[in-house]
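Here are a few exercises to work through with the model open in your viewer. Try each task before you read its solution.

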Amino acid sequence: MDLSNLQPAAGSVTRSTRIGRGPGSGKGGTSTRGHKGAKSRSGYKRKIGFEGGQMPLQRRLPKWGFKNINRVEYKAINLDLIQSLAEAKNLTKVGVAELQAAGFISRSQRVKILANGAITSAIAVEAHAFSKAAQAAIEAAGGSISKIEK
């Protein structure tokens with residue numbers, strides 16, 4: 001076996017049916033479209049979501065909620081994660097670059113520091129937002145915070 005005699009498995013490749021090519025083909029005449037009506041004609045396009053006159057799904061379900069275009073999404077990072085990262089890498093400053101290098105956030109994400117867990121060492125923390133409890137916990141441990149304006 002080599003490249004010159006490769007071929008697909010038997011029955012895996014079938015020729016497309018050529019419709020509208022005369023009565024001998026068995027698919028001539030109406031070209032599988034039936035007789036008359038909108039569906040038999042060129043240019044027919046069924047409305048998206050049309051269910052044959054039944055009330056369509058998008059009209060049966062109630063309208064609900066809205067999407068705030070001004071919403072700012074933050075990735076939540078807890079104090080215990082910052083403490084463990086600082087201990088593992090022997091850091092005194094933990095910022096967006098360090099969190100990104102460790103794989104906790106992606107390049108485009110904004111970070112908010114939350115107060116879950118405890119922080120024991122003095123660490124300078126840099127992020128886009130802080131909860132009040134997290135800010136108080138960092139400063140109580142002797143660390144400092146700096147907000148990134150983006």
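**Exercise 1. Work out how many helices and strands the protein chain has, and in what order they run.**

Solution. Start with the count: the protein chain has four helices and six strands. Here helices (H or I, at least four residues) and strands (E, at least two) are DSSP runs, numbered from the N terminus. Next, read off the order from the N terminus on: α-β-α-β-α-β-β-β-α-β. Before you go on, note that this is a predicted model, where local features need pLDDT of at least 70 and side-chain atom pairs count only at pLDDT 80 or more, while totals for chains, interfaces and linings use all residues. Residues are numbered from 1 along each chain as its sequence is written, and side-chain values use heavy atoms, with hydrogens and water left out.

**Exercise 2. Compare the radius of gyration of the protein chain with that of a compact globule of 150 residues.**

Solution. First get the reference: for a compact globule of 150 residues it would be near 15 Å. The rule behind that is 2.2 Å times the number of residues to the power 0.38, and the radius is taken over C-alpha atoms. Now the model: the protein chain has 32 Å. Then check the box, which for the C-alpha atoms is roughly 90 × 60 × 25 Å along the principal axes. Finally, look at burial: 19% of the 150 residues are buried, meaning under 20% relative accessible area, with exposed being over 50% and partly exposed in between (1.4 Å probe, protein chains only).

**Exercise 3. Find the buried residues of helix H2 (residues 79-89) and say where they sit around the axis.**

Solution. Begin with the list: Leu79, Ile82, Gln83, Leu85 and Ala86 are buried. They cover an arc of only 165° around the axis, so they lie on the same side of H2. That arc is the one spanned by the directions from the helix axis to the C-beta atoms. Now turn to the face pointing away from the buried side, where you'll find the exposed residues Glu87 and Ala88. What's doing the covering? Among the elements over the buried residues of H2 are strand E1 (74-78), helix H3 (96-101), strand E3 (110-114) and helix H4 (132-140). Last, step past the end of the helix: Asn90 follows H2 and has a positive phi, near 60°.

**Exercise 4. Decide whether Gly28 is buried or exposed, then list its contacts beyond its sequence neighbours.**

Solution. Locate Gly28 in the segment before H1. Its relative accessible area is 17%, so Gly28 is buried. Now leave aside neighbours within four places in sequence: Gly28 is in contact (heavy atoms within 4.5 Å) with Gly20, Arg21 and Gly22. As for Arg18, it is ten residues from Gly28 in sequence and 9.1 Å away in space, C-alpha to C-alpha.

**Exercise 5. Look at Thr32 and Lys36: what is the phi of each, and is each buried or exposed?**

Solution. Take Thr32, which isn't a glycine but has a positive phi of about 65°. Thr32 lies in the segment before H1 and, at 57% relative accessibility, counts as exposed. Then do Lys36, also not a glycine, with a positive phi of about 50°. Lys36 lies in the segment before H1, and its 69% relative accessibility makes it exposed.
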